[in-house]
Protein chains: 2
Amino acid sequence: MTTDRKYVEELIEQEDDFDRWYVEVIQKAELADESPVRGTRVIRPYGFALWENMQAELDRRIKATGVQNAYFPLFIPKSFLEREAEHIKGFAPEVAWVTRGGDKELEEWLAVRPTSESIICPMFARWVQSYRDLPILINQWCSVVRWEERPRAFLRTLEFLWQEGHTVHATLEEAEERARLMLEVYRDFVESELAIPVIPGQKTESEKFAGALRTYTIEAMMGGKHWALQSATSHNLGDHFGKVFDITFLDREGKRRYVFNTSWGLSHRTIGAMVMVHGDDRGLKLPPRVAPIQVVIVPIWRKDEERRQVEETVDRVRAMLRRAVRVHADLRDDKTPGWKFNDWDLKGVPIRLEIGPRDVASDQVTLVRRDVLGQRQAVPIANLVGAVQSELESIQVSLFRAARAMLERYTEDVRDYEVLKERVATNAGFNRAFWCGDPACEARVKAETKATVRCIPFEQPAELEPCLVCGAPGKYQVIWARAY
Amino acid sequence: MTTDRKYVEELIEQEDDFDRWYVEVIQKAELADESPVRGTRVIRPYGFALWENMQAELDRRIKATGVQNAYFPLFIPKSFLEREAEHIKGFAPEVAWVTRGGDKELEEWLAVRPTSESIICPMFARWVQSYRDLPILINQWCSVVRWEERPRAFLRTLEFLWQEGHTVHATLEEAEERARLMLEVYRDFVESELAIPVIPGQKTESEKFAGALRTYTIEAMMGGKHWALQSATSHNLGDHFGKVFDITFLDREGKRRYVFNTSWGLSHRTIGAMVMVHGDDRGLKLPPRVAPIQVVIVPIWRKDEERRQVEETVDRVRAMLRRAVRVHADLRDDKTPGWKFNDWDLKGVPIRLEIGPRDVASDQVTLVRRDVLGQRQAVPIANLVGAVQSELESIQVSLFRAARAMLERYTEDVRDYEVLKERVATNAGFNRAFWCGDPACEARVKAETKATVRCIPFEQPAELEPCLVCGAPGKYQVIWARAY
Ligand SMILES: [Zn+2]
Ligand SMILES: [Zn+2]
């Protein structure tokens with residue numbers, strides 16, 4: 001029994017040190033590994049399969065809005081990155097520079113893309129001539145590089161995987177509509193597929209994307225310290241980039257006008273979000289919709305004659321399930337069933353099926369859900385496909401509900417700045433509070449508590465109350481929280 | 001009529017200048033575009049959709065052999081790249097170096113990966129302890145960078161998209177088997193999906209991958225100048241990388257041993273291959289299996305009342321076809337049908353359906369195949385789905401047959417070095433000839449003709465004849481040709 005519990009005992013408990021638990025669970029569940037390159041991580045097959053499932057589903061949703069995928073160069077000449085002043089100010093401290101090609105010094109340094117606005121906009125300028133060419137709706141899946149001194153797997157690494165969408169439009173209204181539409185795509189994707197409830201809203205001026213007119217965001221609450229994680233953003237770039245990169249078109253009246261841009265992205269930090277929102281002391285709990293393995297089958301036998309019978313049933317069950325779900329049979333013969341249970345719990349597989357000699361005799365399997373500890377149900381093999389499918393749906397719903405309950409439980413209306421300070425200092429969760437809109441109040445809270453305005457939620461109360469900080473009339477209700 | 005033929009008249013004829021035709025057709029068909037970054041190209045949505053279809057199918061085939069996808073860092077520390085001496089010698093002149101991060105000089109330069117052996121092998125060394133950990137079969141889809149002075153869209157660009165597979169095995173035999181298996185996966189993929197016949201074989205010592213024990217290749221013949229294009233390679237790396245990166249395992253007897261590696265890759269240059277193998281003076285001809293649009297519908301009408309009827313039928317036909325094939329209806333109202341025919345011919349769409357008032361009246365459409373000029377068939381709408389599917393299959397077969405006929409027609413057995421010189425100088429095609437195996441003979445031919453040994457085909461004749469160059473006993477029959 002001691003060796004059976006090996007993994008779980010080695011995993012630190014969330015309450016003891018949530019950040020360390022995060023590091024350990026990612027390592028032990030084989031989502032990612034340390035890498036010899038400072039600031040980066042290797043995404044292992046189990047973690048990458050999760051990302052592939054997420055990609056496939058998000059890609060489908062993005063394309064359903066009329067967007068097409070393309071690919072733009074990894075390198076951006078320094079002069080391009082510098083054209084939009086706010087943009088370069090925001091990104092310059094984080095840029096990796098290529099200064100040599102082969103054995104030659106480059107005349108102009110090349111940035112390894114931190115984001116692609118400044119390489120895509122010059123292409124838009126080539127492609128857009130008339131109103132007939134608009135809108136152009138493009139997305140790219142790639143990695144980007146931002147120099148990062150304190151890496152953290154998935155959340156903050158020197159290089160990370162994401163998709164970045166870039167569009168051009170004839171009017172500001174259309175750009176605004178697209179920016180909001182893509183935020184809604186993200187909200188629905190994160191809530192439906194990753195089972196993470198989010199708060200959609202707008203970033204303040206001080207928190208918006210470098211060069212944007214407006215930045216929209218979805219903010220999620222993590223487990224453990226109940227900090228926020230910005231899970232995706234969508235920017236209305238106005239005509240800043242159109243003017244800077246001279247992207248113009250002839251409108252229906254033959255008049256030359258500047259275009260309006262949007263950009264929007266979701267990165268693999270959402271993997272980190274799933275780990276932190278759903279995980280527990282036994283390890284990961286992966287939402288069935290994106291889990292690389294939805295069902296694991298563990299054979300149980302003692303004698304060789306049992307083994308043959310059990311493994312025959314395992315084969316039969318696997319063949320039945322394979323058409324409907326992502327199933328894996330764990331046939332390793334150097335591990336005990338107990339060790340395997342812990343291993344697959346750690347890896348967050350939603351359903352475990354145990355098949356032993358008694359199950360074989362009764363033509364049934366024993367089904368155990370990862371999210372409900374200790375419950376075991378016998379399911380006749382004849383009903384198994386339907387039962388597994390409905391349990392997977394039920395797990396998806398129950399993970400979302402549990403996450404929503406956490407979000408509600410750890411969110412409070414705060415009307416006293418001292419209470420806010422206390423709550424932030426004790427990791428008590430999200431704080432709904434009124435704000436006058438003055439950047440000075442925002443800056444003061446950030447300096448004094450390290451909490452930031454995560455967003456101005458789209459959903460605002462009918463009555464606005466005075467600013468938490470200065471007592472002036474409140475302009476918005478905002479969410480204050482510390483963030484990863 | 002003159003304006004209708006705009007595109008086609010602008011496209012230079014293949015016979016006049018095949019290389020210029022290649023550049024023009026890629027630009028005009030919107031597969032790729034110039035980019036402001038020296039040596040790179042932007043892959044436009046039409047070109048990228050083609051790559052996505054190729055990726056999906058090749059990824060499925062790779063995974064079917066037990067390989068899993070993962071992701072390794074873009075940057076490789078200089079010292080890692082230098083560990084395998086042959087490897088760095090081969091790649092150093094082409095490496096892009098990151099020397100600055102943010103505003104700091106780096107202590108150790110980072111290479112932007114030209115290929116990932118030297119970053120993946122250190123991870124294998126971490127992951128492999130015992131024979132139970134073997135084999136590890138990993139693939140990654142990414143871009144790589146090799147400094148390139150004379151870029152050519154898809155064929156040779158500073159940055160290119162590819163997949164690179166990397167495996168570790170307990171024995172040399174198993175590595176050999178994997179290297180050959182992956183070459184066979186490539187052969188079948190390129191022949192079945194891209195409709196390009198290839199010659200599978202082994203590279204000579206002087207042409208093999210830097211650091212490999214043996215390199216296998218599939219070589220295709222392009223149109224126009226009938227040069228060769230290396231379409232994919234698979235390397236048995238022996239235990240070189242195992243020894244250099246200290247990847248060892250305990251075998252069943254408890255003895256520590258070095259592993260054996262393979263690596264194998266297919267890049268987006270195969271898009272260039274499809275362009276050059278199948279294209280003609282009207283533009284691209286895309287193989288149906290990977291074509292982004294398999295069927296385009298062009299409505300034909302003069303009066304507004306016709307338009308309503310025709311577009312209703314277009315909608316109905318599109319809805320019918322959508323479930324079975326990738327279909328697009330070209331409803332642009334600022335272009336004539338003739339212009340559209342040329343545009344979609346240029347873009348290589350396999351089937352065009354024309355729907356005019358007479359078609360509507362007879363409940364039929366007019367089907368035109370891109371690969372058979374001038375043939376038009378009326379197809380009753382009731383039979384359309386089946387007819388389109390069978391025509392698509394037929395086009396796939398006929399493109400492959402035409403390409404094979406070209407390969408056969410422009411391949412000759414050559415027994416006289418003067419004839420070889422003459423044939424290479426006049427772009428007469430592939431040359432099958434015997435070779436003694438002496439690198440000196442190989443080097444001489446390369447220096448004197450610019451042709452290289454493309455491969456030693458797996459299929460060798462029963463009787464070997466004397467070396468074409470020195471007359472010594474022949475060891476192999478090889479293929480001599482110029483190559484892109
Ligand atoms: Zn205030
Ligand atoms: Zn010779």
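Predicted model: local features only at pLDDT ≥ 70, side-chain atom pairs only at ≥ 80, totals over all residues.
Buried here means under 20% relative accessible area. At 13%, Cys436(A) therefore counts as buried.

**The zinc sites**

In chain A, the zinc ion (ligand 1) has four protein donors: the SG atoms of Cys436(A), Cys441(A), Cys467(A) and Cys470(A), lying 2.2 to 2.4 Å from the metal. The angles among those four donor atoms run from 105 to 117°, and the site is tetrahedral. If you want a reference value, the ideal angle for four tetrahedral donors is 109.5 degrees. Along the chain, the donors of ligand 1 follow the spacing C-x4-C-x25-C-x2-C. Two of them tie together distant parts of chain A: Cys436(A) comes from the loop between strand 21 (430-435) and helix 15 (439-449), while Cys467(A), 31 residues apart from it, comes from the loop between strand 22 (452-457) and strand 23 (476-481). Cys467(A) has a relative accessibility of 4%, so it counts as buried.

Chain B has a zinc ion too, ligand 2, coordinated by the SG atoms of Cys436(B), Cys441(B), Cys467(B) and Cys470(B) at 2.2 to 2.4 Å. Its four donor atoms subtend angles of 105 to 119°, which makes the arrangement tetrahedral. The donor spacing for ligand 2 reads C-x4-C-x25-C-x2-C.

| Residue | Relative accessibility | Class |
|---|---|---|
| Cys436(A) | 13% | buried |
| Cys467(A) | 4% | buried |
| Cys436(B) | 13% | buried |
| Cys470(B) | 44% | partly exposed |
| Glu412(A) | 38% | partly exposed |
| Ala319(B) | 36% | partly exposed |

**Where the two chains pair**

Strand 5 (residues 96-101) of chain A and strand 5 of chain B pair in the antiparallel sense over five bridges. Within that pairing, Trp97(A) stands opposite Arg100(B). Strand 5 of chain B is mostly covered, with six of its six residues buried. The strand also pairs with strand 6 (residues 104-112) of chain B, in the antiparallel sense and over four bridges. There, Arg100(B) stands opposite Glu105(B). Two residues separate strands 5 and 6 of chain B in this hairpin, and Gly102(B) takes a positive phi near 60°.

Another positive phi turns up after helix 2 (residues 18-28) of chain B, where Glu30(B) has a value near 65°. Buried residues in that helix include Phe18(B), Trp21(B), Tyr22(B) and Ile26(B).

**The annotated domain**

For chain A, an unreviewed UniProt entry places the feature "domain: Aminoacyl-transfer RNA synthetases class-II family profile" at residues 19-287. Over that stretch the chain is 32% helix and 31% strand, with its end C-alpha atoms 21 Å apart.

**A five-stranded sheet in chain A**

Which order do the strands of this open sheet take? They run 16-15-17-18-19 in chain A, with mixed pairing. The edges are strand 16 (327-329) and strand 19 (376-380), each pairing on one side only. Ignoring direction, neighbouring strands are turned by 25° against each other on average. Strand 15 (residues 295-299) and strand 16 of chain A pair in the parallel sense over three bridges, and Ile297(A) stands opposite Ala329(A).

Helix 11 (residues 337-346) of chain A packs on the sheet, touching strands 15, 16 and 17, and its direction makes about 170° with that of strand 15. Helix 13 (residues 384-409) of chain A packs on the sheet as well, touching strands 15, 17, 18 and 19, and its direction makes about 5° with that of strand 18.

**Two more residues to look at**

Glu412(A) lies in strand 20 (residues 411-413) of chain A. Its contacts, leaving aside neighbours within four places in sequence, are Arg423(A), Phe430(A), Asn431(A) and Arg432(A). The C-alpha atoms of Glu412(A) and Arg432(A) are separated by 6.0 Å, with the two residues 20 apart along the chain.

Ala319(B) is found in helix 10 (residues 304-322) of chain B. How many residues apart in sequence are Ala319(B) and Ala443(B)? They are 124 residues apart, and 60 Å apart in space, C-alpha to C-alpha.

How values were computed. Residues numbered from 1 in each chain as written. Chains lettered and ligands numbered in written order. Heavy atoms only, no water. UniProt positions renumbered as here; feature names shortened; annotations may be inferred. Donors = N, O, S within 2.8 Å, 3.2 Å for Na, K, Ca; no water. Tetrahedral: all angles 85-135°; square planar, octahedral: opposite > 155°, others 65-115°. Buried < 20%, exposed > 50% of the residue type's maximum accessible area, 1.4 Å probe, protein only. Pairing = 2+ DSSP bridges. Axes fitted to C-alpha atoms, helices over the stretch in contact; angles between N-to-C directions. Contact = heavy atoms within 4.5 Å.
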